[in-house]
There are 2 protein chains.
Amino acid sequence: MARNTTISADPNAPPITRILADFVATHPSRGWSDAVEHEAHRTFLNWLGCAVGAARHESVRASLAAVQMLQPAAQATVLGRAERVDMASAALVNGIASHTFDFDDTHLKTVIHPAGPVASALLALAEVTGASGRAVIDALVLGIDVSCRLGNLMYPDHYDRGWHITGSTGSIGAAAGCARLLGLDPARTAMALGIAASQPVGLREQFGTMTKPLHPGAAARAGLMSALMAQHGFTASARALEAPRGYVQVVSTKADWREATEALGERFEISLNTYKPFACGIVVHPGIDACAQLREQGVRAEDIERLELKVHPLVLELCGKAEPADGLAAKFSIYHACAVGLIHGRAGEGEFSDAVVNDPQVVALRRKVRATVDTAIAEDQADVRAVLRDGRELHLFIEHAIGSVDRPMSDAALEAKFHGQADPVLGASRVQALIQACWGLGGASGVGAVVQAAGA
Amino acid sequence: MARNTTISADPNAPPITRILADFVATHPSRGWSDAVEHEAHRTFLNWLGCAVGAARHESVRASLAAVQMLQPAAQATVLGRAERVDMASAALVNGIASHTFDFDDTHLKTVIHPAGPVASALLALAEVTGASGRAVIDALVLGIDVSCRLGNLMYPDHYDRGWHITGSTGSIGAAAGCARLLGLDPARTAMALGIAASQPVGLREQFGTMTKPLHPGAAARAGLMSALMAQHGFTASARALEAPRGYVQVVSTKADWREATEALGERFEISLNTYKPFACGIVVHPGIDACAQLREQGVRAEDIERLELKVHPLVLELCGKAEPADGLAAKFSIYHACAVGLIHGRAGEGEFSDAVVNDPQVVALRRKVRATVDTAIAEDQADVRAVLRDGRELHLFIEHAIGSVDRPMSDAALEAKFHGQADPVLGASRVQALIQACWGLGGASGVGAVVQAAGA
């Protein structure tokens, strides 16, 4: 595609990460000439003089005032844990946690997971400032609107280039939300956006490592700090987003500027947010959905002679693993996914545990699943035929998988998902209180009820 | 040039920074439908459940262990000030300070200012861990080697695209230095580089604002935190730098991989570091140098009938301001620069103060400067003819300006520069002790002597 022509993609690059890491870790101390050794001291001396010389400058005063907002250290809750940390660190860690199982929300137009950067920053900040629940919800809507609009403006080119768009737009969305929560005026809000624009986070190469969930966490921290710095008078370019050497034109080859402003304040991107019902790749969701519906119709594993699926081509390309060895591999197996859908009626993180993957009943059922590609099947569709041992056949066609924009999860399903995730950590009764605190946030005096129920 | 063809540069983009900032700051609370309001609560609920559900995951344990290294809060020195902050904040603020006057060091091949990200992270970390001075110098050389080699690999395309290369390579250099200082093994060092690779910092659009010096500061903080996270078991792609969707190929269209590894451990990029003798744009340095030499020859302002300069074309293009109104404008005036060179024999931050700019003697002398472009003059050259009131003429040709690779500043000149910057903040006698502590760092038991002398 033409939009890809500017993307270099050299798969044969030498392994410089490993080479440089070996060098840094193993090169002998003082393994260089006296001239290099002297230059190192000159470099250090010159750097130190510059730093001392600027100690009373406005840029130092403003940034120091911002980081002093992080004191005292134990000011914010780590969700699901007893530890308390400074608010920037809480934004970081909670952002990491929320994306760790890749089970969070998705703005499908841009594949942005919008809550991670914005909500993680807002909750930590609100806990410190005592902002009202109303203000938090307002800031959440507006912060997500900014990051998703930037995504609309640059997607798909920006994502195709290799940016993990959740983190690369998220620092700016988090800055917008935090600026709103702090009540900054338009001029200082523009500075907050500008400071954050210099800190995009995230490479797609990191998928499959802990650095993937780091992206929303680091974006949350960067956005929060950007707003605090702007509050204390730190400055940035007032054209940081749109200038020729500004954010959009540096990180994207596509820049559809209308997306930033079209129906601004009328259409809200959070309306298009969706929630994953199942803790695995979205292409197998229609199959799980179908099998869970069979279960609701009374079909049991022991009834099954075989399950015949027609699926979109991507399903077998991405998730064709027939005999997954462990939980991580099972996330890429349509066979396992269908088996747990029928046996458990759900596919949360627990259904991708090693124990469930090796459960004989699950193993037996997944071997009865036959999946064939059908190009007439759309990505959020599945066609499932259950042939039962008694000779009966049941047919199900999933037009839109549960969790899509066209068939959103119900509030009750969201609550069930929440219990499935949080009960093992906090216990069901505290989780019930936490769910109520979330639903009531817009009318609450602050985030106190949320963080009290959510800290272990 | 061909290498610029992929760079979009739309100077007519709408002012979306301002528009979005106005929207975020002024849109009424709950200024949307009930459906949007409800979706906001669903988004918040779903995010919170995901975060609580992952609370015991290894990614949360590792990142939390890293941020807990920031406690207690008052663990590191802010240079030239009495405040103490956590080490990540110290790395941030000291990195900002060191680049605030744009008077620090330059790796001329890449225009990277290498010390800011690396030294700022190392000093803060060493203060907490008690690392030896030897280890700090080792880590400084190796960290700078990594960031400058990445610069060589991508320059100039990466810089032309709009990245402020100091911050965009600096987070990785700082991570490398901190990994070395922490004694991480090669595998964890690779993780540190990988974590940092997802956090490039800096847009050239920010030049002229406080966010320019933020870049080395934010890079220092990101690199330090990346190393701490790697130390505690946080993971990243082991091919984060070179993969098709890794750092280099995402942020640059040029990737000359040999630059990463050629003569690794034999040629050290810190050898090519230079130090600015004058607190202004590098193109006027040859002119200042010449005028300071005239002063050394005994010429005084009152002797001058006129000063005739032949200069490189960029001098008048960038620094042709004849009557600067204040200190900031004077940094773009070859006329002012020559006047202070002859009157004061130097051009530090003090010679660009408003008071000096409006000093009648300086004003009178700058009006006697005539500068004409000569295409035979190189960027680090100047040709100066002083016509004196007694009819004599003196001629000086600067072959290489002081501070260039070919004519480096002497240690004595570096010390004089240091005094000029730091004496107003700390007083001359403490500064003398600080200078001695810097020269002796490689043999010192730790950074104690440095930080004791440098904290106000």
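Predicted model: local features only at pLDDT ≥ 70, side-chain atom pairs only at ≥ 80, totals over all residues.

User: Which residues is A:Val250 in contact with, leaving aside its neighbours within four places in sequence?

Analyst: A:Val250 is in contact with A:Arg245 in its own chain and, across in chain B, with B:Arg161, B:Gly162, B:Trp163 and B:Leu203. Each of these counts as a contact because the C-beta atoms lie within 7 Å. A:Val250 itself sits in helix α11 of chain A, residues 247-251.

User: What makes A:Val250 count as buried?

Analyst: The cut-off is 20 or more other C-beta atoms within 10 Å. A:Val250 has 25 such neighbours, so A:Val250 counts as buried.

User: Why is α2(A) called mostly covered?

Analyst: Of its 20 residues, 14 are buried. The helix covers residues 34-53 and reaches 29 Å from its first C-alpha to its last, close to the 28 Å expected at 1.5 Å a residue.

User: How do you know that the copies meet through the same surface?

Analyst: Compare the two lists of interface residues: 100% of those of chain A are also interface residues in chain B, so the copies use the same surface.

User: What relates chain A to chain B?

Analyst: A rotation of 180° with 0.0 Å of shift along its axis superposes chain A on chain B, with an RMSD of 0.1 Å. The two copies are therefore related as by a two-fold rotation axis.

User: What makes β5(B) and β7(B) a pair of strands?

Analyst: At least two bridges are needed for a pair. Six bridges join β5 (residues 304-311) to β7 (residues 382-388) in chain B, and the strands run antiparallel, so they qualify. B:Leu309 stands opposite B:Val384 here.

User: Which strand forms a hairpin with β7(B)?

Analyst: That is β8(B), with four residues between the two strands. Six bridges join β7(B) to β8 (residues 393-398) in an antiparallel arrangement, and B:Arg385 stands opposite B:His395. In the turn, B:Gly391 has a positive phi of about 95°.

Notes
Residues numbered from 1 in each chain as written. Chains lettered and ligands numbered in written order. Least-squares fit on C-alpha atoms with pLDDT ≥ 70 in both. Expected span 1.5 Å × (residues − 1). Buried ≥ 20, exposed ≤ 12 C-beta atoms within 10 Å, placed from the backbone.
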